[in-house]
Amino acid sequence: VIKCTVAWESKMFYYRIYGLIVRCNVDMSLLMPVEETEYYDMEISVLYNVLPSSSRIKISEHIDFYRVELCSFAEYKIFKEKALIECNASCETDFFSTLFNIPFSVYFMMKDEVLFHTNTVLRNGRLFMFCGEKGVGKSTLTGIINNEKDFELYSDDTIRIDGSGSCFRASDLIKLTDETLNSLIIGKRTGVKNSVGKEFCFIEAGEQECNFRFVFRLHRGADFKIKKINNAAIKKSILIGNIVGVEYFCRSLLEKAISVSDKLSPEYYEMRVPNGLEKLEDCCSDICETLKMIAD
């Protein structure tokens with residue numbers, strides 16, 4: 001934690017994001033604010049009504065900061081020596097839709113931490129992480145497991161993993177497609193959608209720090225099957241491959257990603273789940289019993 005001087009003459013907003021106390025000059029209305037304090041971990045400064053000119057996603061390194069260009073949605077500066085992220089965005093929606101992914105991934109990687117692309121469920125303080133290709137069914141699977149006894153949905157999309165292997169979710173918000181929302185009962189709907197059409201929903205999983213312990217790489221198939229991964233190269237590829245925005249990292253960030261991956265050693269599993277919601281629901285009890293056996 002760093003000690004900062006608060007500009008009392010201007011209105012500032014305080015939130016807990018990825019386990020950090022964050023001060024911001026704009027109101028993020030979907031987040032639960034925390035009490036104003038002179039001690040905080042980092043600051044976010046936002047300027048609206050600025051339309052970024054980039055037509056692509058790009059990360060570039062400069063002397064004092066990394067620049068993250070996110071198409072026409074937003075542009076960020078993540079400073080190296082200051083706990084500060086600056087953002088130029090066209091509107092609040094574009095800022096809030098982009099902040100929690102690549103910008104924070106770069107920020108954490110500079111500190112030898114990982115922002116991991118995963119959907120997670122929690123049981124008895126044990127966190128189960130599900131990763132895989134887009135469309136493989138991570139949100140659907142974790143949504144179904146959420147309805148099973150003793151399991152609860154903890155986060156979607158991203159988790160911060162610090163240097164000790166402790167994990168922190170961004171907030172009590174998740175983002176879901178209309179298809180998932182229409183199929184499953186998950187969280188409390190807000191009616192607010194992000195820049196790509198996913199709706200924000202509130203979930204009730206209690207705030208708690210968890211360990212980076214169980215990672216499951218999802219595949220689709222005819223039936224449910226699970227197998228532990230022991231190959232070191234495959235395990236490392238899963239970790240590095242699911243760092244948020246790694247495909248856009250410049251060389252210095254890639255070098256950090258490789259170094260950080262050597263220090264984290266969870267258990268990895270290949271998990272095959274059946275195609276179709278009905279078949280997935282039919283085998284959900286078997287999946288949950290297997291998760292219990294692995295954790296216990």
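Where is the place of asparagine 124? In this predicted model, asparagine 124 lies in the loop that runs between strand β11 (119-123) and strand β12 (126-131). The backbone of asparagine 124 has a positive phi of about 50 degrees, although the residue is not a glycine. Such a value deserves mention because most residues other than glycine have a negative phi. With a relative accessible area of 61%, asparagine 124 is exposed, because the cut-off for that class is over 50%.

A positive phi is also found at aspartate 112, where the angle is near 60 degrees in a residue that is, again, other than glycine. Aspartate 112 belongs to the loop between helix α2 (102-110) and strand β10 (114-117). The relative accessible area of aspartate 112 is 32%, and this residue is therefore classed as partly exposed, a class that lies between the limits of 20% and 50%.

The protein as a whole has 8 helices and 22 strands. Its radius of gyration is 19 Å, close to the 19 Å that the globule rule gives for 296 residues, so the protein is as compact as a globular protein of that length. Taken along the principal axes, the C-alpha atoms fill a box of roughly 55 × 40 × 35 Å. Of the 296 residues, 52% count as buried. Among contacts between residues at least 6 apart in sequence, 63% join residues that are at least 24 apart.

Strand β7 (residues 65-70) and strand β8 (residues 74-79) run antiparallel and are joined by 6 bridges. One of the pairings links phenylalanine 65 with phenylalanine 79, its bridge partner in β8. The hairpin of β7 and β8 has 3 residues between the strands, and in this hairpin cysteine 71 takes a positive phi near 50 degrees. Strand β8 is in turn joined by 5 bridges to strand β9 (residues 84-89), and these two strands also run antiparallel.

The packing of helices can be considered next. Two packed helices are described by the angle between their axes and the distance between the axes. Helix α3 (residues 138-145) and helix α8 (residues 284-295) pack at an angle of about 80 degrees, and their axes are 10 Å apart. Because angles from 65 to 115 degrees count as roughly perpendicular, α3 and α8 are placed in that class. In α3, the residues Leu141, Ile144 and Ile145 meet Cys284, Ile287, Cys288 and Leu291 in α8. By class, this contact of α3 with α8 has 7 nonpolar residues, no polar residues and no charged residues.

A further residue of interest is serine 261, which is found in helix α6 (residues 251-261). Serine 261 counts as buried because its relative accessibility is 7%, and the cut-off for that class is under 20%. When residues up to four places away in sequence are not counted, serine 261 touches Lys236, Leu239 and Ile240.

Note on methods:
Residues numbered from 1 in each chain as written. Predicted model: local features only at pLDDT ≥ 70, side-chain atom pairs only at ≥ 80, totals over all residues. Heavy atoms only, no water. Helix = DSSP H or I, 4+ residues; strand = E, 2+ residues; numbered from the N terminus. Buried < 20%, exposed > 50% of the residue type's maximum accessible area, 1.4 Å probe, protein only. Contact = heavy atoms within 4.5 Å. Axes fitted to C-alpha atoms, helices over the stretch in contact; angles between N-to-C directions. Parallel < 35°, antiparallel > 145°, perpendicular 65-115°, else oblique. Nonpolar A, V, L, I, M, F, W, Y, C, P; charged D, E, K, R; others polar. Pairing = 2+ DSSP bridges. Rg over C-alpha atoms; globule rule 2.2 N^0.38 Å.
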